Amino acid sequence: MDTLQAHRATNRNWRTRHTAAFLSALAMGLGQMYNRQWVKGILLLVLEISYLGVFYDLFNMGLWGIVTLGTKPFRDHSIQLLAEGIIALILIAFGLLCYALNVRDAYRVGAMRERGLRPPGVWETYRTVTDKGYPYLLIAPGMLLLVFVVLFPLLFMVLLAFTNFDLYHWPPAKLVDWVGVSNFIQLFQLEIWRNSFFNVMSWTVVWTLVSTTVQFALGLLLAVLLNQERVKGKKLFRTLLILPWAVPSFVSVLVFAGMFNDDFGPINQMLQAAGMEAIPWLTDPFWTKVAILLIQFWLGFPFNLALCTGVLQTIPSDLYEAAEVDGATPWQKLKDITLPLVLYATAPLLIVQYAGNFNNFTVIYLFNQGGPAVPGQTAGGSDILISWVFKLTFETQKFNYAAAVSVIIGVIVAALAVWQFRKTRSFKEEDLIQ
């Protein structure tokens, strides 16, 4: 008898919570009405009907467009259809999220009824949403904006990498088609693109590592020297050394472009006055890269000087006094005390600097527009990946290849950032700082 009652109770319980969830899955609000939450159920049902009524045409056109990218030239604009399709997918994702929350709500209220509890009324639901969901209500507008400002361009760029959108497939006169991963394959298969990609990629890596490391080392070295007690006039020296940071970087780069000019630049004039030959700063790829690195050292060390100076002020003097008592040399104090503590504190910003220089478009493009030109390549001698993408987009209209290179850049930067964040002790022990 007890077994039979338990079986009936189980069946009854199944009917309550699962029936509510099933009805909510059929249409939003039906499960809530089944749970006798009439106002909530009606509002959810009206919301679903309104959602489908308002966005039906967008879903219909967007989903068709993102699959076909149009079928008739001059009538269908493939890029607009692609954009509409992405927006439709984002809105569908929002709708499915709301649908899942609706089913989950009906299931939970059904479970409350099984335990003999009264379902919350309208006022109680309002209090729960405003109390427990207050942080989510505050961040909701920002998250919504983030979706359309950040996620939408990313999806558009990624999908563009799988099309043949270029100068010869320009809608609406020509339709754009899906080509799969052929853009990525051709980047490595065709000689002209393969040579360009690997040359640009290798220079981008060298540029990122050398420029960031040297500018940080210069800033740290100057900060350590100016932090010595025997140095007089520290404020004056620090002010003078920070000045390059106060000038907008694009102004400094344009000034340096004139100074490094092969024909009338003052640097070559000084070299010739000293009996040396003029250096082809703008016409030889090697010397162009040297000049760009020197400019970046000049632009980057003031920030690192200020950063390292601040960190050095926080290191307790007791550590250095104890090291002196133990007979430590200046190099040992620098290696065993200063460097670990400075790197520990500046690691997050150092990672940001590496990522920033990986995509440092300003210095590269303003100095020599990524030049000089290199025979047999589609990129200039000093182009890094981001400046190459700019040229592919606005000069040669190879939007598909530009998108493919951008995807590769994004994957590399994201992988390096995640790896560095996971390996950096300052992030592993961030919970220790309260």
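Predicted model: local features only at pLDDT ≥ 70, side-chain atom pairs only at ≥ 80, totals over all residues.
Helices here are DSSP runs (H or I) of at least four residues, numbered from the N terminus.

Asp131 and Arg127 form a salt bridge, with 3.8 Å between their closest N and O atoms. Arg127 has a relative accessible area of 41%, so this residue counts as partly exposed.

The division of the chain comes next. The size of an interface is often given as the accessible area lost when the parts come together. For domain 1 and domain 2 this buried area is about 760 Å², and 74% of it is on carbon and sulfur atoms. On the side of domain 1, 10 residues are in contact with nine residues of domain 2. Three residue pairs are in polar contact across the interface of the two domains, both residues being at pLDDT 80 or more.

How many salt bridges are counted between domain 1 and domain 2? The count is one. Lys398 and Asp166 form a salt bridge, their closest N and O atoms being 3.6 Å apart. Lys398 is in the loop between α16 (385-394) and α17 (399-423), and Asp166 is in the loop between α6 (134-160) and α7 (182-189), so the pair ties together parts that are 232 residues apart in sequence. Are these two residues buried or exposed? Both Lys398 and Asp166 are buried.

In the whole structure, the count comes to nine salt bridges. Another of them joins Asp336 to Lys335, with the closest N and O atoms 3.0 Å apart. Asp336 is partly exposed at a relative accessible area of 48%. Lys335 is partly exposed as well, at 37% relative accessibility.

Phe74 sits in the loop between α3 (38-68) and α4 (78-114). Its relative accessibility is 65%, and because exposed means over 50%, Phe74 counts as exposed. Leaving aside residues up to four places away in sequence, Phe74 touches Pro172 and Ala173. Phe74 and Leu175 are 101 residues apart in sequence, while their C-alpha atoms are 8.5 Å apart in space.

Val290 belongs to helix α12, which covers residues 285-314. With a relative accessible area of 24%, Val290 is partly exposed. Along the chain, Val290 is 191 residues from Tyr99, and 58 Å separate the C-alpha atoms of the two.

The cysteines remain. A disulfide is a covalent bond between the sulfur atoms of two cysteines. How many disulfides does the structure hold? The number is zero. Cys98 and Cys308 can still be described by their accessibility. Cys98 is partly exposed, at 37% relative accessibility, whereas Cys308 is buried, with a relative accessible area of 0%.

How values were computed. Residues numbered from 1 in each chain as written. Heavy atoms only, no water. Disulfide = S-S within 2.5 Å. Buried < 20%, exposed > 50% of the residue type's maximum accessible area, 1.4 Å probe, protein only. Helix = DSSP H or I, 4+ residues; strand = E, 2+ residues; numbered from the N terminus. Contact = heavy atoms within 4.5 Å. Buried area = accessible area lost by both parts, 1.4 Å probe. Salt bridge = Lys/Arg side-chain N within 4 Å of Asp/Glu carboxyl O. Polar contact = N/O pair within 3.5 Å; in protein donor to acceptor, adjacent residues only side chain to side chain.
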